[in-house]
Each structure stands twice: as structure tokens, then as C-alpha cells.
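Q: I have a protein model on my screen and would like to learn how to read it. Can we go through it feature by feature?

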Amino acid sequence: LVNDILTRSLWAAADKQRDTANTRDPRWLLEFLAQVLQDELGGFRIESVWPVIEAVGTYAERTRLLYDLATPKALADAMVRLAHIEDSDTVIDPFCGIGSCLWSALDQAQQLNMSVSIKGVDINPQAIAAANTLGDLVDAPIAFAVDNSLREPMPQADKIITVPPLGLRFDALRLGDSTTLQSGRATHDADLPITDRCLAAPHPP
């Protein structure tokens, strides 16, 4: 019901503001949906996060606002279960988009009464702005930052949970004509550096 209300309201508002800057700004979309929740359901609560992510993700996909802005909840939840997060873990998503996998990690940690450090990084400033807006709405303990996880040193992490942007053209990774893997091998394959960086991320001592 909540998802249906949000989706219908978002498309109606976007239709009224067609071709304006608002409909291309994920932050406006989130703030608009938060207001819908306030008006229709009496407020924005932590359980409202996933209906909002799904509504924005569907809208973004259909309008090509952002590529793969959100990961479906079922997939994110399954990945988090497979990661076996433990108390005091540092959990990172180096290609986080709006932070879907990290919201699932936070859900699990809270259900199990665990204290974890959760961080998200993405090269797309629009995606990070949207993630921060969503986090601010519920005062979530997730840190989001704009960075290029393929160029900058990967932060230490106990668990990496991510849906990386596989299938991109090599030049889209902003790494020049080729890059060197941890093994020392040079590659022009766009998917290999993404997987390589995740597997080689340092673990806390």
C-alpha cells in the first residue's frame, strides 16, 4: 500500500513538472516522497525507507535518471545474509548508488542488536546526494561519500557488500586506456578492475 501511494504520487508530481530540473534531481524526489509520507501516513519512519527506495529506483530506471540507482530489496537482503555480518564489523559498499545494500545491512544489524560501522562510496555525486538525503530523513548511522573506488585506496572493511557497475565500457571507468590488477597484469576488460579491487580490499588488523 505504501509503495503504491508513493509511486502514484511521484509519477503525478513528475508529470506536472515535466522537463523541469526537479524531476531530474534524486534529492527532490526523496524530499517529495518524504512529504507524501508526512501528509498521507503521518511521518517518515525507518520502515518507510524501502518503499521510498523502490519508488525512486523504479522512477529512475524508467526515466533513465540514474543507471542502477537502487538494488531490489530481495537481492540486497540475500547478499547481506550471505555476508554474515558480525558485531563491530565495518561494512562498505564501494559502488553504493543510493545505498540499498547498506540499508539492508543496517536492517539486519538492528534486528540482531549489533553495532556496526556502515559506509558507502560512489563516483556519482547525484547518487550520494540522494543517499545522504535519505539518511538525514531518518537520522541513519550510515556515512556516504563521493569517491572513485577504482582510483582511490579502498578503505579497510570486514565485509564488502556491493552490486558493482559491471558491463560498462572501459572508458566509463575513468582509468585511461588500461589498468593494472593486483597481480600486476594489465587489462582492458572493464569488469576485472572492479572485481579485483573488491577482492583486494584491506581488512582491519
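Predicted model: local features only at pLDDT ≥ 70, side-chain atom pairs only at ≥ 80, totals over all residues.

Q: How do I read the pairing of two strands?
A: Strands of a sheet pair through backbone hydrogen bonds, either parallel or antiparallel. Here β2 pairs with strand β3 (residues 142–146) in the parallel sense, over five bridges. Gly120 stands opposite Phe144 in β3. Lys119 has Ala143 in β3 as its bridge partner.

Q: How many bridges join β1 and β2, and in which sense do they pair?
A: There are four bridges between β1 and strand β2 (residues 117–122), and the sense is parallel. Asp93 stands opposite Gly120 in β2. The chain goes from β1 through α5 to β2, and this β-α-β crossover is right-handed. For Ile92, the bridge partner in β2 is Lys119.

Q: What joins β1 to β4?
A: Two bridges do, and these strands run parallel. β4 covers residues 159–160. Ile92 has Ile160 as its bridge partner in β4.

Q: In what order do the four strands lie in the open sheet?
A: The order is β3-β2-β1-β4, with parallel pairing. β3 and β4 stand at the edges with a single partner strand each, so one side of each has no neighbour in the sheet.

Q: How do I read the side chains of a strand?
A: In a regular strand the side chains alternate between the two faces of the sheet. Take strand β1 (residues 90–93). Thr90 and Ile92 point one way, while Val91 and Asp93 point the other way. Are these residues buried or exposed? All are buried.

Q: Now the helices. Why does the length of α5 agree with what a helix should span?
A: Count 1.5 Å a residue. Helix α5 (residues 100–111) has 12 residues, so it should span 16 Å. Its end C-alpha atoms are 17 Å apart, which agrees.

Q: Is α5 mostly covered or mostly uncovered?
A: It is mostly covered: nine of the 12 residues in α5 are buried. Among them are Trp103, Leu106 and Gln108. An α-helix has 3.6 residues a turn, so residues three or four places apart point the same way.

Q: Which residue with a positive phi follows α5?
A: That is Asn113, with a phi near 55°.

Q: Why do Cys96 and Cys198 count as buried?
A: The cut-off for buried is under 20% relative accessible area. Cys96 has 6% relative accessibility, so it counts as buried. Cys198 has a relative accessible area of 18%, so it is buried too.

Q: Now step back. How many helices and strands does the protein have?
A: It has seven helices and six strands. From the N terminus, the elements run α-α-α-α-β-α-β-α-β-β-β-β-α.

Q: What do the totals for the whole protein say?
A: The protein has 205 residues, and 47% of them are buried. It exposes about 10900 Å², and carbon and sulfur atoms supply 48% of that. Take the contacts between residues at least 6 apart in sequence. Of these, 70% join residues at least 24 apart.

Terms used:
Residues numbered from 1 in each chain as written. Heavy atoms only, no water. Expected span 1.5 Å × (residues − 1). Buried < 20%, exposed > 50% of the residue type's maximum accessible area, 1.4 Å probe, protein only. Contact = heavy atoms within 4.5 Å. Areas by Shrake-Rupley, 256 points an atom, 1.4 Å probe, with all protein chains shown as cover. Pairing = 2+ DSSP bridges. Right-handed = clockwise from strand over helix to strand, strands pointing away.
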